[in-house]
Amino acid sequence: MFKTLAWALLIVFVGIQFFSTDRNQKEGIYVSDFMKVNTVPQMLQHKIEVSCYDCHSNNTKYPWYSRIQPAAWFLEAHIQEGKAELNFNEWGDYSDRRKNSKLRSMISQIEDGDMPLGSYTFVHRDAEFSESQKKEVIEYLTQLKNSL
Amino acid sequence: MVSNSAQDSKGAAMVGEYLSIKNALVADHTDAAAKAGGKLVTALDSFDVSDFSDAQQTELKDIIVDAKEQAEHISDSPMEHQREHFKTLSKDVTDMVAIIGADMKLYEQFCPMYDGGSTWLSASNEVKNPYYGSKMLTCGKVQKEIN
């Protein structure tokens with residue numbers, strides 16, 4: 001019984017490897033990118049790119065296991081959802097109203113520790129915000145929001 | 001402003017769902033707020049902007065996209081997040097009503113305590129706070145009468 005189940009699982013696992021997912025990789029320079037339309041301090045620029053851009057831009061730096069199902073599906077779903085919510089590459093195209101509400105959500109999500117996602121920082125330790133980085137980034141985003 | 005009655009009723013549906021969310025948050029009912037959030041998405045989707053001037057259409061489309069995002073979040077978030085999105089939504093709906101008008105009297109109310117000061121719309125001049133619910137039900141004041 002156990003053996004049959006193990007075989008069945010193995011077959012399913014091998015089978016799903018034949019399903020490929022679309023990869024979110026489009027390198028390029030976006031004139032409307034968050035970093036282009038705003039004057040972001042160098043340190044924060046790097047931090048935001050490392051912590052946010054994998055799911056909130058048009059170019060993901062994929063980990064090795066992204067080639068393996070079902071991880072690839074899981075990642076793709078997160079990236080699609082993340083980009084629909086906020087795409088840093090398209091920042092300049094958002095109206096002031098939308099910038100304002102996105103900044104509000106960004107600030108509150110980072111403040112509450114909801115972003116970056118726990119499942120993401122679990123494997124990307126460098127994406128995590130230290131307390132001081134958190135403070136810095138929130139200060140910057142708040143200032144940006146108030147300047148709209 | 002437009003006097004087309006089908007248009008008025010769509011605006012009324014939109015305001016109606018917004019007020020349902022507000023009432024649910026006043027009563028601390030996450031599920032009811034979520035349900036009304038879903039209905040608001042539908043109401044916003046079916047709102048036809050074609051009768052308005054070009055400038056108003058641009059403004060309305062912008063508001064609708066933003067309001068829809070807030071309503072979607074309200075439809076699948078815990079209460080604390082619903083309230084955060086309700087603040088942004090309130091601004092959107094207030095701005096929308098300023099363009100399309102409302103077929104009922106509305107009161108803009110203000111709570112100085114929530115997130116550095118937040119407003120909302122109510123059909124009654126009696127203050128019932130959607131940002132705190134039962135915790136601080138009567139915190140706030142009427143800031144403006146609309147219509």
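The predictor assigns the complex an ipTM of 0.80 and a pTM of 0.84. For chain B, the mean pLDDT is 91, with 94% of residues reaching 70 or more.

**Nonpolar cores**

- The largest nonpolar core comprises 27 residues, and B:Met14, B:Tyr18, B:Ile21, B:Leu40, B:Leu44 and B:Val93 have the most contacts inside it.
- At least two residues of this core come from each of five elements of chain B: helix H1 (5–26), helix H2 (30–45), helix H3 (54–75), helix H4 (79–100) and strand S2 (118–122).
- H1(B) provides the largest share of this core, namely 8 residues.
- Beyond its neighbours within four places in sequence, B:Met14 is in contact with B:Leu40, B:Ala43, B:Leu44 and B:Phe47.

**The setting of A:Trp64**

- A:Trp64 is located in the loop that runs between helix H3 (42–52) and helix H4 (71–85) of chain A.
- A:Trp64 is classed as exposed because it has 7 C-beta neighbours inside 10 Å, and the cut-off for exposure is 12 or fewer.
- A:Trp64 and A:Tyr30 are 34 residues apart along the chain, and their C-alpha atoms are separated by 26 Å.

**Reading the model**

- Where pLDDT is low, predicted coordinates should not be read in detail.

Key: Residues are numbered from 1 along each chain as its sequence is written. Chains are lettered from A and ligands numbered from 1 in the order in which they are written. This is a predicted model: local features need pLDDT of at least 70, side-chain atom pairs count only at pLDDT 80 or more; totals for chains, interfaces and linings use all residues. pLDDT is the predictor's confidence in each residue, from 0 to 100. A nonpolar core is a set of buried Ala, Val, Leu, Ile, Met, Phe, Trp, Tyr and Cys residues joined through C-beta atoms within 7 Å. A residue is buried if 20 or more other C-beta atoms lie within 10 Å of its own, exposed if 12 or fewer, and partly exposed in between; C-beta atoms are placed from the backbone. Helices (H or I, at least four residues) and strands (E, at least two) are DSSP runs, numbered from the N terminus. Two residues are in contact if their C-beta atoms, placed from the backbone, lie within 7 Å.
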